[in-house]
Amino acid sequence: MCSDMTAFMTDHDEEEQGGEEQGRKMNHSLLRKRTARLAAVQCAYARMIIPNARKEMLIEWQYTQTDETASLPAKPQQTLLRAVFVGTEDMREAIDQRAEEILTERWMSGRMPKVMRALLRCERWVLALAMR
């Protein structure tokens, strides 16, 4: 998992420095990693809507979508999807507690839409990993 996270951070930097914004076609590996991060957020959001949903079921749902039903641009890189979603879920209480400490009374996480909270949870987990 650590090597996947290292690859994630490296590829993320490459996306920011070039990628699709400059008219270059993103390579398939980067697209699958980008899709894995998006899929992890979708899993986190689904878990907020259906709290008793099993993590593995949500991951499998993201990975097995067919081209006709897929809401993702490519098949997600499964190891990265699993690492981000499971890591976020495992650290959810600590992530949420830290967010509450940082946010002001006027912008409490309870007032945020669930999809935004899911995105922030996943990104906080990734950032915490990057700071190690």
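Let me start with Glu 89 and what surrounds it. Leaving aside residues up to four places away in sequence, Glu 89 touches Ala 44, Arg 47 and Lys 55. This is a predicted model, so every contact I mention is a computed one. Glu 89 sits in helix H4. Is Glu 89 buried or exposed? The relative accessible area is 8%, and buried means under 20%, so Glu 89 counts as buried.

Next, helix H3, which covers residues 55-63. Which of its residues are buried? They are Leu 58, Ile 59 and Gln 62. Around the helix axis, these residues span an arc of only 100 degrees, so they lie on the same side of H3. What do they pack against? The partners of these buried residues are helix H2, residues 28-49, and helix H4.

For the protein chain, the average pLDDT is 79, and 74% of the residues reach at least 70. Which element has the highest mean pLDDT, and which the lowest? Helix H4, residues 78-90, has the highest, at 93. That is also the helix that holds Glu 89. The lowest mean, 47, belongs to helix H1, residues 2-17.

Two stretches need a separate word. Over residues 6-10, pLDDT stays under 50, and the model has six contacts for them beyond four places in sequence. Over residues 12-22, pLDDT also stays under 50.

How values were computed: Residues numbered from 1 in each chain as written. Predicted model: local features only at pLDDT ≥ 70, side-chain atom pairs only at ≥ 80, totals over all residues. Heavy atoms only, no water. pLDDT = per-residue confidence, 0-100. Helix = DSSP H or I, 4+ residues; strand = E, 2+ residues; numbered from the N terminus. Contact = heavy atoms within 4.5 Å. Buried < 20%, exposed > 50% of the residue type's maximum accessible area, 1.4 Å probe, protein only. Arc of directions from axis to C-beta.
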